[in-house]
There are 2 protein chains.
Amino acid sequence: MAWDTDATQARLLDAAISEFSERGFSGARIHEISRRSGCNKERIYFYFGNKAKLFEAALTRELGSALDDVPIKGSGPQAVADFAGRYFDFVTSHPNLARLTSWEGLERGYPVGAEKRAIHSALKVSEIRGALPRISEAVAEDLLLTIITLCHAWMSNPNVHLVITGTPNQDRRRSAILRTSELLARDASDCS
Amino acid sequence: MAWDTDATQARLLDAAISEFSERGFSGARIHEISRRSGCNKERIYFYFGNKAKLFEAALTRELGSALDDVPIKGSGPQAVADFAGRYFDFVTSHPNLARLTSWEGLERGYPVGAEKRAIHSALKVSEIRGALPRISEAVAEDLLLTIITLCHAWMSNPNVHLVITGTPNQDRRRSAILRTSELLARDASDCS
DNA sequence: CGTAAGTACAAACAAACGGTTGGAGTTAGG
DNA sequence: CCTAACTCCAACCGTTTGTTTGTACTTACG
């Protein structure tokens, strides 16, 4: 079998994403990442330098273009609600994304790749304003922020859901977020 | 000066709350907690047993009766919005609360003191249903969950706010949450 | 008063853990 | 054969949890 350095790095990154997602930066163990990946520990230092850089690479890779993968289709409040529902589905089908960003927010002082993420956010804000032509940029930002916060919290803050609703119910939570998004979008359109 | 064992434990708990809030369970250092408290490290093990029990004690103490401290006054959607605003103020003036619960959700499998917290939540759900008589229990739970999630995220997930809105603005976020709460409360009342 | 029990601190210690490095050897392709 | 990619292993070295020992001071109680 030929050497495939890209595959080796990818396996390391996959393992790092899982480990960091589960245990965070402080809790993650280099040894465990190497074990999960099936690669040698030394490869981590060869390819990524150190634990901190590996975390950044893992987060960057998992972030990918998350927002870009969930476009807003159509226009009007129900289009925003539809986006919220699909973003919720995206987040639940990429369980590491919300947890990694949550760890990042708690453990790190400053977001990884802030500029690029800001650009992607701004594009999404523009899309929202395309679907709701009458609203201001600030209102669109607030709306996006609320949607993302609610979707991420479902994955990264299970205890709050558990304590309040008893057994968490994903479909129910999805519906609630969808409804919230539609109300906010409708209100924003009407108010301005 | 007389021995004041309660004060000693309180100083340890205060220091533990700060340290765990900043760095989480894995990131927190026993030595640092002892240093901050001005007490000896040995006192931690004497009073709390080990790091895990200290974390639970710290979280329990910081949780206190958070929800009970923010009553719902009056009735109608604006009463719920008013509650959301005061809960936001409570969370921002108790900066460790949201971060500790966030750490707990990520690092621990199960919430500390789940039963008591469930009871306090249920009381708050009842209060909401008192203010919005027509709504179901499930809808009230969803509403409370959304309010708490949004308020906590302001403290525990700064990066998302930073990336989307640029410089975070507390008053603006407070207003957005207030508005969201009122819309949800109004919608819930009307729908049923 | 005197002594015993309880509280606290300082310091040292044990044992394990964890990130990181280096070296020696192996596998694969050209 | 040569080189790059890779594995295996051991070791380094600071860190961290948790324990122990010794000492000093406080309070309660006889």
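Q: Two residues are in contact if their C-beta atoms, placed from the backbone, lie within 7 Å. How many residues of chain A are in contact with chain B?
A: In this predicted model, local features need pLDDT of at least 70 and side-chain atom pairs count only at pLDDT 80 or more, while totals for chains, interfaces and linings use all residues. Residues are numbered from 1 along each chain as its sequence is written, and chains are lettered from A and ligands numbered from 1 in the order in which they are written. On that basis, 40 residues of chain A are in contact with 40 residues of chain B.

Q: Which helices of chain A supply at least two residues of the side that touches chain B?
A: Helices (H or I, at least four residues) and strands (E, at least two) are DSSP runs numbered from the N terminus. Those with at least two residues each on the side of chain A that touches chain B are α1 (5-27), α6 (95-107), α7 (114-131), α8 (137-156), α9 (158-165) and α10 (170-191). α8(A) gives the largest share of that side, 10 residues. The side of chain A that touches chain B has 18 nonpolar, 15 polar and 7 charged residues (nonpolar: Ala, Val, Leu, Ile, Met, Phe, Trp, Tyr, Cys and Pro; charged: Asp, Glu, Lys and Arg; polar: the others, Gly among them).

Q: What rotation superposes chain A on chain B?
A: Two copies of a chain are related by a rotation about an axis and a shift along it. Here the rotation is 180°, with 0.0 Å of shift along its axis, and chain A superposes on chain B with an RMSD of 0.1 Å. This is the relation of a two-fold axis. The C-alpha of A:Ser26 is the one in chain A nearest the axis, 2.9 Å from it. Both copies use the same surface, as 100% of the contact residues of chain A recur in chain B.

Q: At what angle do α6(A) and α6(B) pack?
A: Two packed helices are described by the angle between their axes and the distance between the axes. For α6(A) and helix α6 (residues 95-107) of chain B, the angle is about 140° and the axes are 11 Å apart. α6(A) is therefore oblique to α6(B) (under 35 degrees is roughly parallel, over 145 roughly antiparallel, 65 to 115 roughly perpendicular and the rest oblique). Arg99, Ser102, Trp103 and Leu106 make the contact, as A:Arg99, A:Ser102, A:Trp103 and A:Leu106 on α6(A) and B:Arg99, B:Ser102, B:Trp103 and B:Leu106 on α6(B). By class, the residues of this contact are 4 nonpolar, 2 polar and 2 charged.

Q: What is the angle between α1 and α4 of chain B?
A: Helix α1 (residues 5-27) of chain B packs on helix α4 (residues 51-63) of chain B at about 100°, with their axes 9 Å apart. α1(B) and α4(B) are therefore roughly perpendicular to each other. Residues of α1(B) that meet α4(B) include B:Leu13, B:Phe20 and B:Phe25, and those of α4(B) include B:Leu54, B:Phe55 and B:Arg61. The contact of α1(B) with α4(B) involves 9 nonpolar, no polar and 2 charged residues.

Q: Is A:Leu144 buried or exposed?
A: A:Leu144 is buried, because 25 other C-beta atoms lie within 10 Å (20 or more is buried, 12 or fewer exposed, in between partly exposed). A:Leu144 sits in helix α8 of chain A. Beyond its neighbours within four places in sequence, A:Leu144 is in contact with A:Ser121, A:Lys124, A:Val125, A:Ile128 and B:Ile164.

Q: How many helices and strands does chain A have?
A: Chain A has 10 helices and 0 strands. Of its 192 residues, 44% count as buried.

Conventions:
Least-squares fit on C-alpha atoms with pLDDT ≥ 70 in both. Axes fitted to C-alpha atoms, helices over the stretch in contact; angles between N-to-C directions.
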